[in-house]
Amino acid sequence: MILDRVKPLDAILATAQKKSLHRSLGWFQLTLFGIGCVIGTGIFVLTAAGAQKAGPGLMLAFAIAGAICIVAALCYAEIAAMIPVAGSAYTYTYATMGELLAWTVGWALVLEYAVAASAVSVGWSGYFTGTILNEFLGIQLPAYLSGAPLALGGVEGGFINLPAVVIALLVTWLLMIGTTESARVNAVLVAIKVTALTAFILLTLPSEYFSSEKFNPFLPAGVFGGFGSGLGAVGAAATIFFAYVGFDAVSTAAEETKNPQRNVPIGLIGSLLFCTVFYILVAAGAIGTVGGQPIMGPNGVPFPAGSEELARQCATYAADALPLVCSNEALAHVLRQIGWSGVGNMLGIAAFVALPSVILILLFGQTRVAFVMSRDGLLPQSWSQVHPKWKTPHVITAITGVAVAFAAAFLPVGRLADIANAGTLYAFMMVAIAVMILRKTAADAPRKFKTPALWLIGPLTIAGTIFLFLNLPMDAMLVLPIWGVIGLVVYFAYSRRRSHLGQGIVEVVDDVAGEETMVPIDPPAR
């Protein structure tokens, strides 16, 4: 049977203990990991794209995405504490619904993390070229080196986004050096980002430029722009949803966490609540001071974010009169527009320094999912090699970094964000299903954290993720089934035959000599 390979919970935990990553992270580092990923992606990078879809309704979009994330986080908190191993939704699905569905989730997570890391790399490039090179050094990077091709929604004369490529590869190198070192750097970067955004709120909300009139019309594209359009407040929520994958990255770090039963739930829920409040306040400050109305097409509908048409329209504005929706460094642009150029430049520096922490955590999550899939035999075994000195999965980290850099080189941030969300929403839905199944199949298993009212929270998570998926742009919606078909080909052509569970092997143990010892069981029926 295709759906027969369900990996026992005991085997998952035993494998993780015998061939594991070093446990070095506490609850405070986990919370900073979540904040580091969430604070930055949606605010520094996606404010402009979200405003183009929803206008001032961007504030409502953050609330919608945050509400769905809260119910999803409650599901994640229970299952991450119950199964404290790397792999996130992939591992949880393997323990409840079997290998095939687990493969589809892992395959989707690979898409989610890698493409999201590419999106933030592109966002960092905007602050680097706008604030560091242009404002401080007076250097104008040629268009062919600073943006994607216009046909892909980039810039006029664009060819490759070289700064985005460079930052993706630098962060990859940092992750290869070691998790503890990465966490320490991340803690510093989180402090810089929170300080910068707090300053932004204090300068914009009480500003004389702030006016309630700038919020009118509040929903220029409506609450619903139409299924498959990617417009309206819900369409914007579907786009910025990937900014919240910080709490998902926290769960992928469970295997490297001290006392995960206590620390993982704290890191998940704490970082999410903290970040949601920041999103709404910063969005209010930006829109209330300079406005956030979208650029409309000839049919009265906003041009799609990340489209060639929008790029052409933005090119017609002078640099000092650029609308919020056209800016590549939205928050620094807002402060310059209201007379705080110096502080705006400082905020640009903060984004320049701190956004790599977002890339770091997204790459961290992706490599850990692929690490576990390799450890299970579904991907090449060499990918789960742990470096003898750095104690990190250096092979898969290097492979991921190159792929992320390639995507960042040729695609704009808005399009990358929508693509990433397709895999994100599917994975979150599967986690909610896994939690409900485990309540039945492993009712007596210890749970340090139990999702309250799971009979309600679980279905709400499933319905919310499906709802947002249907509000992505049509081309982004199609990415998931196309990517999924490719994944199924890989699974049946390669992974299914090499699966450890399929061969009756549930543990892979590194002995003193560095060789692998297979612990067999009776293989499942095929």
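In this predicted model, A164, V165, A168, L169, T172, L175 and M176 of helix α8 meet H394, T397, A398, G401, V402, V404, A405, A408 and A409 of helix α16, where contact means heavy atoms within 4.5 Å. By class, this contact of α8 with α16 comprises 12 nonpolar, four polar and no charged residues; Ala, Val, Leu, Ile, Met, Phe, Trp, Tyr, Cys and Pro count as nonpolar, Asp, Glu, Lys and Arg as charged, and the others, Gly among them, as polar. Because the model is predicted, local features need pLDDT of at least 70 and side-chain atom pairs count only at pLDDT 80 or more, while totals for chains, interfaces and linings use all residues. Residues are numbered from 1 along each chain as its sequence is written, and side-chain values use heavy atoms, with hydrogens and water left out.

**Packing of helix α8**

- Helix α8 (residues 162-177) packs against helix α16 (residues 394-410) at an angle of about 165°, with the axes 8 Å apart; helices (H or I, at least four residues) are DSSP runs numbered from the N terminus.
- Axes are lines fitted to C-alpha atoms, for helices over the stretch in contact, and angles run from 0 to 180 degrees between N-to-C directions.
- Helices α8 and α16 are therefore roughly antiparallel to each other; angles under 35 degrees count as roughly parallel, over 145 as roughly antiparallel, 65 to 115 as roughly perpendicular and the rest as oblique.
- The crossing of α8 and α16 is right-handed, a term for the near helix being turned clockwise from the far one by less than a right angle.
- The axes of α8 and helix α15 (residues 341-375) come within 9 Å and cross at roughly 60°, which makes α8 oblique to α15.
- The crossing of α8 and α15 is also right-handed.
- From α8, I167, A168, V171, T172, L174 and L175 meet P356, I359, L360, L363 and F364 of α15; the residues of this contact divide into 10 nonpolar, one polar and no charged.

**Nonpolar core**

- The largest nonpolar core has 165 residues, of which F44, Y90, L331, L347, L355 and L468 touch the most other members; such a core is a set of buried Ala, Val, Leu, Ile, Met, Phe, Trp, Tyr and Cys residues joined through side-chain atoms within 4.5 Å.
- Helix α6 (residues 99-136) supplies the largest share of this core, 21 residues.
- Apart from neighbours within four places in sequence, F44 is in contact with Y127, K193, L197, L331, L347, A351 and L355.

- S125 lies in helix α6 and, at 1% relative accessibility, counts as buried; buried means under 20% relative accessible area, exposed over 50% and partly exposed in between (1.4 Å probe, protein chains only).
- Neighbours within four places in sequence aside, S125 is in contact with S146, N161, P163 and A164.
- S207 is found in the loop between α9 and α10 and is buried, with a relative accessible area of 14%.
- Not counting residues up to four places away in sequence, S207 touches T289 and I338.

**Backbone geometry**

- Most residues other than glycine have a negative phi, and most peptide bonds are trans.
- The peptide bond from N216 to P217 is cis, with omega near 0°, and P217 lies in the loop between α9 (179-204) and α10 (232-240).
- A453 has a phi near 50°, a positive value in a residue other than glycine.
- A453 is found in the loop between α17 (413-441) and α18 (454-469) and, at 35% relative accessibility, counts as partly exposed.

Terms used: Helix = DSSP H or I, 4+ residues; strand = E, 2+ residues; numbered from the N terminus.
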